[in-house]
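Open the model in a viewer and keep the sequence panel beside it. The stops below go from strands to a helix to a ring pair.

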Amino acid sequence: MLWTGPPYVSPQELKWISRQVLSEIDEHHTQHGKRLFVSRADANKRNIINQDAVADLLSQFGIDMIIPGNFSYSEQVAAFSNAELIIGPHGAGLTNIMYSENATVIKLLIEHTNNRHYYFLSNLSGLKCDPVWCETKDD
C-alpha cells in the first residue's frame, strides 16, 4: 500500500524523540566534521558508481565521507547532530538527519524516482532539503 497522506508523526513528536536520544549520548564526541557525504558503500543497491571521484571532489570543500553502517548508533547520532551539511543518496543512513538541528540536506536522487521520504523527514525536522538528480547506468 502506498501512503499518500500526512506524515505519521508531528514535528513536535519527532523533536521529542530526537531530544531523548541526544540526551543519552555525547554529541560532541565525533570524528567527523560538520559537512558529511553519506556513502552506501556497504549496501547492495543504490550505490554511486563514481563514488571515489565524488568523495575526492567533495573533500576539497571540507566534506567528509561517512559510511553510517560502520559506526555504532551513538556515533551516527553524534556525527549527524553536529552536521551543517549532509549529502547522500536515498538510504537508511539518511534517517539520521532527524538528529540535525540546522543542516542543509542534499539528497542525490536517481532519474524517474519520486521517493519523498527524506524530504518529509527534513521538513518535519525543520531542515532545508534540496534534490540533485543523477543519471543511472544500466547493468
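This is a predicted model: local features need pLDDT of at least 70, side-chain atom pairs count only at pLDDT 80 or more; totals for chains, interfaces and linings use all residues.

Which residue in S5 is the bridge partner of Val105? Select Cys129: in S5, this residue is the partner of Val105.

Residues are numbered from 1 along each chain as its sequence is written, and side-chain values use heavy atoms, with hydrogens and water left out.

Now show the strands whole. S3 (residues 85-89) and S4 (residues 104-110) run parallel, joined by five bridges. S4 also runs parallel to S5 (residues 128-134), with seven bridges between them. Strands pair if DSSP finds at least two bridges between them; helices (H or I, at least four residues) and strands (E, at least two) are DSSP runs, numbered from the N terminus.

Next, select helix H2 (residues 51-59). Gln51, Ala55 and Leu58 are buried there (under 20% relative accessible area; exposed is over 50%, partly exposed in between, with a 1.4 Å probe and protein chains only). These three cover an arc of only 65° around the axis, so they lie on the same side of H2 (the arc is taken from the directions from the helix axis to the C-beta atoms). Asp52 and Asp56, on the other side of H2, are exposed. The buried residues of H2 pack against S1 (35-38), S2 (64-66) and S3, contact meaning heavy atoms within 4.5 Å.

Last, select Tyr73 and Tyr99. The count of aromatic pairs comes to one (Phe, Tyr and Trp rings, the six-membered one for Trp, with centres within 6.5 Å; planes under 30 degrees apart are stacked, over 60 edge-to-face, the rest tilted). The ring centres of Tyr73 and Tyr99 are 6.3 Å apart and the planes are at 85°, so the pair is edge-to-face. Tyr73 is in helix H3 (residues 73-81) and Tyr99 in the loop between S3 and S4, 26 residues apart. Tyr73 is partly exposed at 46% relative accessibility, whereas Tyr99 is buried at 5%.
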